[in-house]
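Hi,

Here's the structure I promised to pass along.

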Amino acid sequence: MDQSRIAASAAARSSSRVRTLVLASACLAAALTVVASPAGAATRGAPWDGGYGYVSPIEQRFADIATLLSNRAARAYCNSAEQWRALGMDDDVVGFVPASASSTASFMQVSPFACSYGDRFLAHPQRSGQKTCARTQVEARRRAVTVRRLLRIHGRVVRRLVTVWRKVRVRVIAQCGDYLNTIISIETIAHEAMHLYGFQDEAKAECLGMQLSTVVAYRLGADPAFAYEIGKDYVPYYVAKRADLPEYWSADCRDGGRLDLWRDQAGWPTPLFSSLDGVRVPSPGG
Ligand SMILES: [Zn+2]
């Protein structure tokens with residue numbers, strides 16, 4: 001118990017010391033992000049349960065991924081809404097790594113938003129349920145059905161087969177309402193890992209993070225095909241940052257551009273590797 005209090009207060013102290021810098025480099029989601037908790041409360045504990053001294057499964061997974069991508073022993077702390085506010089953060093901030101001009105902390109602070117969606121993804125990292133959701137709805141589109149009706153024709157009542165329109169309940173497969181929030185949360189972990197690596201510049205962290213979000217999705221349990229799809233699906237959101245959040249966008253962030261991690265290999269944002277297991281950060285560009 002003491003251990004957890006010490007860890008919590010140490011983290012809080014270190015955060016408050018760098019509050020000014022952190023606010024300057026806090027990692028923002030673009031304005032179009034809907035900040036909300038995922039629908040359907042998890043039956044297991046919340047990602048932030050136990051305070052900073054207890055490592056929840058998603059915190060461990062985030063830490064392992066951050067360690068892999070940043071080449072240093074890294075930790076990840078999930079925050080409840082109350083903890084997030086206590087750190088001076090609002091809902092626009094999805095994560096941050098405390099830093100000063102000369103050094104960068106070895107841990108990332110992750111928002112309740114990114115922890116919740118990350119945790120939900122870890123529990124079910126399948127395309128069906130994360131990207132595509134089935135729902136039943138009454139279709140405006142009508143369906144023609146043939147029925148028997150009694151009709152009066154030239155004064156005589158006759159039985160005829162006629163076609164009428166019926167509204168129908170249909171099962172449709174559509175993109176899940178939370179999918180964008182989910183891929184933002186996945187990319188956030190890669191983005192923060194690049195801060196841990198030592199890149200303080202937001203445009204660089206965001207560009208490298210986008211290229212590594214395929215790896216994060218894979219490390220959270222997605223199969224390679226879905227992991228690559230997630231990486232690609234983040235690209236339009238990145239492109240929108242040029243207008244929405246220009247300090248997170250760079251013209252050099254493109255296939256073959258100065259910020260391309262794998263400049264000699266085709267494929268954007270992540271080249272098609274024979275296996276994602278061995279993918280590390282090659283000496284980042286620029
Ligand atoms: Zn950042």
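Predicted model: local features only at pLDDT ≥ 70, side-chain atom pairs only at ≥ 80, totals over all residues.

**Disulfides**

The whole structure has 3 disulfides. If you number the bonded cysteines in sequence order, they pair up 1-2, 3-4, 5-6.

C78 and C115 are joined with a sulfur-to-sulfur distance of 2.1 Å, and the link is left-handed, at -100° about the S-S bond. C78 sits in strand β2 (residues 75–78) and C115 in helix α5 (residues 112–123), so this bond ties together parts that are 37 residues apart in sequence. Both cysteines, C78 and C115, are buried.

Next comes C133 with C176, also listed at 2.1 Å S to S. This link is right-handed, with 100° about the S-S bond. C133 belongs to strand β5 (residues 132–153), while C176 is in the loop between β6 (156–175) and α7, 43 residues apart. Buried or exposed, what is C176? C176 has 6% relative accessibility, so it counts as buried. C133 is partly exposed, with a relative accessible area of 27%.

Then there's C207 and C253, whose sulfur atoms are 2.0 Å apart. The torsion about their S-S bond is about 90°, so this disulfide is right-handed. C207 is in helix α8 (residues 202–219) and C253 in the segment after α9, so the pair ties together parts 46 residues apart in sequence. Both C207 and C253 are buried.

**Salt bridges**

A search of the whole structure gives 7 of these. One of them links E229 and R127, with the closest N and O atoms 2.9 Å apart. That pair connects distant parts of the chain: E229 is in helix α9 (residues 224–244) and R127 in helix α6 (residues 127–130), 102 residues apart. Both also take part in a salt-bridge network made up of R127, K131, E229 and D233.

R85 and E82 form another bridge, at 3.9 Å from N to O. They are 3 residues apart in helix α4 (residues 81–86), so about one helical turn separates them. R85 is exposed at 55% relative accessibility, and E82 is exposed at 51%.

R258 and D252 meet at 2.9 Å, N to O. R258 is partly exposed at 39%, as is D252 at 23%.

**Helix α7**

Cheers

Note on methods
Residues numbered from 1 in each chain as written. Heavy atoms only, no water. Salt bridge = Lys/Arg side-chain N within 4 Å of Asp/Glu carboxyl O. Helix = DSSP H or I, 4+ residues; strand = E, 2+ residues; numbered from the N terminus. Buried < 20%, exposed > 50% of the residue type's maximum accessible area, 1.4 Å probe, protein only. Disulfide = S-S within 2.5 Å.
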